[in-house]
Amino acid sequence: MEIVGEELAAFAEWHAYRRSLPVIDEVKETALRRLRFDHDFSALYEENDVDGLLELAVGKTVDLLLGGMKEAVSPERLTDCLARMRKGMNG
């Protein structure tokens with residue numbers, strides 16, 4: 001029963017992740033759209049400033065993700081989410 005419980009928990013995690021994929025795709029599309037319409041994007045692109053483009057893209061994406069969370073998530077939950085992100089960066 002313990003093994004079955006562990007497998008069910010693993011399946012539930014996998015299934016929840018799979019259900020979130022459309023939202024993840026939507027976040028990616030929104031981040032790209034915001035990047036393309038940023039007034040700095042054209043100048044950086046024309047200058048072939050790859051580092052500047054990367055910095056702009058990362059900044060826009062992080063702002064998109066965390067900006068929407070700060071009003072909807074308690075400070076404790078946000079701290080937990082950031083800790084999980086940190087764990088994912090190291091793993």
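**Close-up views of a predicted helical model**

The count of salt bridges comes to three, where a salt bridge is a side-chain nitrogen of Lys or Arg within 4 Å of a carboxyl oxygen of Asp or Glu. This is a predicted model, in which local features need pLDDT of at least 70 and side-chain atom pairs count only at pLDDT 80 or more, while totals for chains, interfaces and linings use all residues. Residues are numbered from 1 along each chain as its sequence is written, and side-chain values use heavy atoms, with hydrogens and water left out.

**View 1. Lys-60 and Asp-38 meet in a salt bridge.** The side chains come together at 2.8 Å, N to O. Lys-60 belongs to helix H3 and Asp-38 to the loop between H1 and H2, so the pair ties together parts that are 22 residues apart in sequence. Helices here are DSSP runs (H or I, at least four residues), numbered from the N terminus. Asp-38 is buried, with a relative accessible area of 11%, whereas Lys-60 is partly exposed at 26%; buried means under 20% relative accessible area, exposed over 50% and partly exposed in between (1.4 Å probe, protein chains only).

View 2. Leaving aside neighbours within four places in sequence, Asp-38 is in contact (heavy atoms within 4.5 Å) with Leu-56 and Lys-60.

**View 3. Arg-77, Asp-80 and Arg-84 are linked in a network of salt bridges.** Asp-80 pairs with Arg-77, the closest N and O atoms being 2.6 Å apart, and with Arg-84, where the closest N and O atoms are 3.4 Å apart. Within helix H4, Arg-77 is three residues from Asp-80 and Arg-84 is four residues from Asp-80, in each case about one turn of the helix. Asp-80 is partly exposed at 30% relative accessibility, as is Arg-77 at 44%, while Arg-84 counts as exposed at 58%.

**View 4. Two aromatic pairs turn up in a search of the whole structure.** Rings of Phe, Tyr and Trp (its six-membered ring) pair if their centres lie within 6.5 Å; planes under 30 degrees apart count as stacked, over 60 as edge-to-face and the rest as tilted. The ring centres of Phe-11 and Trp-14 are 5.6 Å apart with planes at 35°, so this pair is tilted. Phe-11 and Trp-14 sit three residues apart in helix H1 (residues 2–36), separated by about one helical turn. Phe-11 is partly exposed at 47% relative accessibility. Trp-14 is also partly exposed, with a relative accessible area of 47%. For Phe-41 and Tyr-45, the centres are 6.0 Å apart and the planes at 20°, so this pair is stacked. Both residues lie in helix H2, four residues apart, and Tyr-45 is exposed at 57%.

**View 5. Helix H3 packs its buried residues against H1, H2 and helix H4 (75–90).** Those buried residues are Gly-52, Leu-53, Leu-56, Leu-64 and Met-69.

**View 6. Asn-48 has a positive phi, near 55°, in a residue other than glycine.** Look for Asn-48 in the loop between helix H2 (39–46) and helix H3 (50–72). Asn-48 counts as exposed, at 62% relative accessibility.

Methods:
Helix = DSSP H or I, 4+ residues; strand = E, 2+ residues; numbered from the N terminus.
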